[in-house]
Amino acid sequence: MLIAVDPRSAVPPFEQIRVQVIALVTAGDLVPETRLPTVRKLASDLGVAPNTVARAYRELEADGIIETRGRNGTFVSAHGDPARQQAQRVAAECADRMRQLGIPVADALALVEAALQPR
Amino acid sequence: MNEQQLFWIGIGVIVALWLALARASRTAWMRERSARQFFDSVSLPPGPPAIHEAVTHYTLRRERSGLAGLAFAALVALSVLLVWPGAGGSELPWLVLIPCALTGMAFGQASTALRYTLFPGVPEVRRVARLRTVTIADYVPAVHRWAVTVVCALSALAVLVAVVLVLTGVASWVDLLHTNIPSAALVTTLIWGAASWGERRILGRPQPATTTLELAWDDAIRSNMFRSLALTKVVVGLIVASYAVPGVLLLLTGESLVLGMTMTDISRLALALGMLIAIASMNSPSGTLYSRLRLWGEEDFAGNAPGGVRGRTAAISEPASVGGVVGGAR
């Protein structure tokens with residue numbers, strides 16, 4: 001369960017970290033209760049500023065993917081598959097908005113499917 | 001200073017001179033062979049020349065620090081002896097020299113790990129990192145960690161019993177001081193404390209790596225260091241136990257003979273046997289390959305081209321591909 005950060009990438013480093021953590025959790029490589037490295041350790045390993053890792057951790061925590069337990073450290077959240085839960089929330093919000101806009105279900109599905117296609 | 005102490009100091013000086021001569025006379029070929037033996041023992045491919053060079057350079061630097069630590073420890077032991085002629089009594093080589101030599105060498109090597117990283121943290125270069133907290137359990141097998149705990153518990157128990165015997169009036173403080181238990185316990189506490197502190201500090205040190213193979217090599221070097229510290233703890237603990245257990249029996253029974261042997265004979269036999277087992281076990285393939293198998297499993301490190309990364313690693317350039325994490329390792 002390794003991650004890589006490329007400082008020359010167009011993607012900001014915090015986003016690279018965030019996306020890779022989500023991918024590892026979704027794939028089951030990072031199981032719940034896994035203790036993540038400290039902000040300072042991961043930052044020094046990856047050669048980025050501690051604030052970069054802290055921001056990635058903050059956003060992951062806000063999404064329910066990881067949780068901070070005071071001085072015990074940061075752990076992968078144990079409450080089910082947080083990425084899937086988050087996706088379900090986003091899908092529900094999307095469905096509500098489609099209904100408000102009066103878009104038929106078939107059209108809404110076609111629009112979402114088109115949006116999911118790689119660009 | 002009695003004749004026996006002078007004899008052991010002489011032995012120490014001869015060994016130090018021999019080590020210094022052996023070090024000075026090592027040719028490039030011998031250094032290369034030593035590095036190659038280390039490469040083979042950890043079951044990792046040398047990889048590109050940069051890795052080979054970094055590992056060779058680091059192991060040589062660590063070896064130098066170890067010898068410097070050994071020399072420093074020998075000086076400390078000698079100073080203790082000169083300032084306090086009765087230190088260790090007739091058991092000087094066991095109580096002072098051996099723990100000092102082992103501790104000095106291990107701490108000298110640990111100082112390298114505390115000051116330098118295996119690979120330089122080059123800025124603006126793609127870096128790889130492990131996304132979980134590693135602990136000492138990832139580097140030292142359970143049996144060796146348990147050995148440290150058992151030896152520590154045994155020594156602590158024996159020291160505690162000795163103190164209780166004195167407090168309950170079964171023995172006097174003078175008797176206790178004659179057993180060398182207090183000085184051995186003090187030295188061991190200091191050494192264990194320093195070793196544990198060193199382990200924590202080394203675990204918190206950064207592991208700058210641009211490829212999985214570099215990270216694996218860093219792990220191998222760390223594992224070697226942690227095993228050395230664990231061995232120091234076990235050996236020093238065994239020495240204390242070899243003093244404390246017979247000392248307690250002596251305080252309890254006042255007898256120095258068990259089955260026709262003196263307590264000292266029995267404890268020295270047990271100590272020598274324990275040290276041999278500890279050294280053999282920690283340098284066995286199961287000890288040297290433990291972290292390799294635990295942290296990297298069946299990883300073959302194919303695709304670690306110079307400056308490159310493994311084939312399975314997706315390039316991190318666009319958001320869609322960021323999810324292509326460096327899988328496989330644990």
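**Close-up views of a two-chain predicted model**

**View 1. Strand meets strand across the two chains.** Start at Ala4(A): its bridge partner in β1(B) is Val128(B). Keep in mind while looking around that this is a predicted model.

**View 2. The interface between chain A and chain B.** Putting the chains together buries about 2600 Å², and carbon and sulfur atoms give 64% of that. On the chain A side, the residues that lose the most area to chain B are Met1(A), Leu2(A) and Asp45(A), which together make up 29% of what that side buries. What about salt bridges, how many are there between chain A and chain B? The count is 0. Polar contacts do turn up, though, with 9 residue pairs found across the interface.

**View 3. Who supplies the chain A face.**

**View 4. A three-stranded sheet in chain A.** Here is an open sheet with strand order β2-β4-β3 and antiparallel pairing. Both β2(A) and β3(A), the latter spanning 66-68, sit at the edges with a single partner strand each, so each has one side with no neighbour in the sheet. Between β3(A) and β4(A), residues 74-76, the antiparallel pairing runs over 3 bridges. Look for Glu67(A), which stands opposite Phe75(A) of β4(A). Packed on the sheet is helix α3(A), residues 50-62, which touches β2, β3 and β4 of chain A. The direction of α3(A) makes about 110° with that of β3(A).

**View 5. A salt bridge between two loops of chain A.** Over all chains, the whole structure has 14 salt bridges. One to look at is Arg69(A) with Glu33(A), where the closest N and O atoms are 2.9 Å apart. Why does this pair tie together parts that are 36 residues apart in sequence? Because Arg69(A) lies in the loop between β3 and β4 of chain A, while Glu33(A) lies in the loop between α1 and β2 of chain A.

Definitions and conventions: Residues numbered from 1 in each chain as written. Chains lettered and ligands numbered in written order. Predicted model: local features only at pLDDT ≥ 70, side-chain atom pairs only at ≥ 80, totals over all residues. Heavy atoms only, no water. Buried area = accessible area lost by both parts, 1.4 Å probe. Salt bridge = Lys/Arg side-chain N within 4 Å of Asp/Glu carboxyl O. Polar contact = N/O pair within 3.5 Å; in protein donor to acceptor, adjacent residues only side chain to side chain. Pairing = 2+ DSSP bridges. Helix = DSSP H or I, 4+ residues; strand = E, 2+ residues; numbered from the N terminus. Contact = heavy atoms within 4.5 Å. Axes fitted to C-alpha atoms, helices over the stretch in contact; angles between N-to-C directions.
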